[in-house]
Amino acid sequence: MSENLIRPYGGKGLSDEKNIFNYRLSRARGCIECAFGIMACKWCIFYRPLNVDLELAENIVKAVCVLHNFVRRRDGHRSEYAPESEQSGFYDIENDSTSRANPKVLDIRDQFAKYFVKNVLEWQNQKI
């Protein structure tokens with residue numbers, strides 16, 4: 001876990017605050033994975049690992065985002081680029097005992113959890 005990669009709270013019997021955080025994190029992750037799946041269907045470079053340095057990988061992702069947005073504006077939305085299944089190969093990070101967070105990252109996660117409780121979405125409490 002790093003400052004840019006936050007995992008959900010683990011365990012059972014979590015507080016409402018932690019459940020809300022886990023739910024909102026899961027929804028955000030789903031949106032990102034869906035967007036990446038759409039881009040991967042259209043731009044085959046993402047079918048394999050990018051064996052390049054980090055800066056070039058970032059530039060490739062940015063370039064694909066720009067090209068994707070250009071094509072979407074030009075051609076409109078086309079459903080054939082949407083993933084066939086909403087199921088994805090989630091890695092179970094909750095049970096990954098090899099990943100230990102530092103206190104700063106745990107504090108960041110707690111701050112997000114408090115923010116999500118204070119800034120309630122009308123449907124979030126029904127989903128937890």
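My entries follow, going from the whole chain down to single residues.

**Ground rules.** I am working with a predicted model, where local features need pLDDT of at least 70, side-chain atom pairs count only at pLDDT 80 or more, and totals for chains, interfaces and linings use all residues. Numbering starts from 1 along each chain as its sequence is written, and side-chain values use heavy atoms, with hydrogens and water left out.

**Overall fold.** I found 4 helices and 0 strands in the protein, giving the pattern α-α-α-α along the sequence. Helices here are DSSP runs of H or I with at least four residues, strands are E runs of at least two, and both are numbered from the N terminus. I looked up burial next: 23% of the 128 residues count as buried. The cut-offs I use are under 20% relative accessible area for buried, over 50% for exposed, and partly exposed in between, with a 1.4 Å probe and protein chains only. The protein exposes about 9,700 Å², with carbon and sulfur atoms supplying 53% of that; the areas come from the Shrake-Rupley method with a 1.4 Å probe. Of the contacts (heavy atoms within 4.5 Å) between residues at least 6 apart in sequence, 73% join residues at least 24 apart.

**α1 against α3.** How do the axes of α1 and α3 cross? I get roughly 95°, with the axes of α1 (residues 16–42) and α3 (residues 103–118) coming within 8 Å. The axes are lines fitted to C-alpha atoms over the stretch in contact, with angles from 0 to 180 degrees between N-to-C directions. The pair is therefore roughly perpendicular, a label for 65 to 115 degrees (under 35 is roughly parallel, over 145 roughly antiparallel, the rest oblique). On the α1 side I listed E17, I20, F21 and R24, which meet R109, F112, A113, K114, F116 and V117 in α3. The residues of this contact split into 6 nonpolar, no polar and 4 charged. For those classes, Ala, Val, Leu, Ile, Met, Phe, Trp, Tyr, Cys and Pro are nonpolar, Asp, Glu, Lys and Arg are charged, and the others, Gly among them, are polar.

**α1 against α2.** The axes of α1 and α2 (residues 54–75) come within 11 Å and cross at roughly 85°, so I also put α1 and α2 down as roughly perpendicular. I38, M39 and K42 in α1 meet V64, C65, H68 and V71 in α2. That contact divides into 5 nonpolar, 1 polar and 1 charged residue.

**Cores.** A nonpolar core is a set of buried Ala, Val, Leu, Ile, Met, Phe, Trp, Tyr and Cys residues joined through side-chain atoms within 4.5 Å. The largest one has 8 residues: I6, Y9, L14, I20, F21, I108, A113 and F116. Its largest share, 3 residues, comes from α3. I also noted a second, separate core of 5 residues, including A40, F46, I60 and V64.

**Two residues.** Is N22 buried or exposed? N22 sits in α1 and counts as buried because its relative accessibility is 15%.

Y47 lies in the loop between α1 and α2 and counts as exposed, because its relative accessibility is 55%. Not counting residues up to four places away, Y47 touches A40 and C41.
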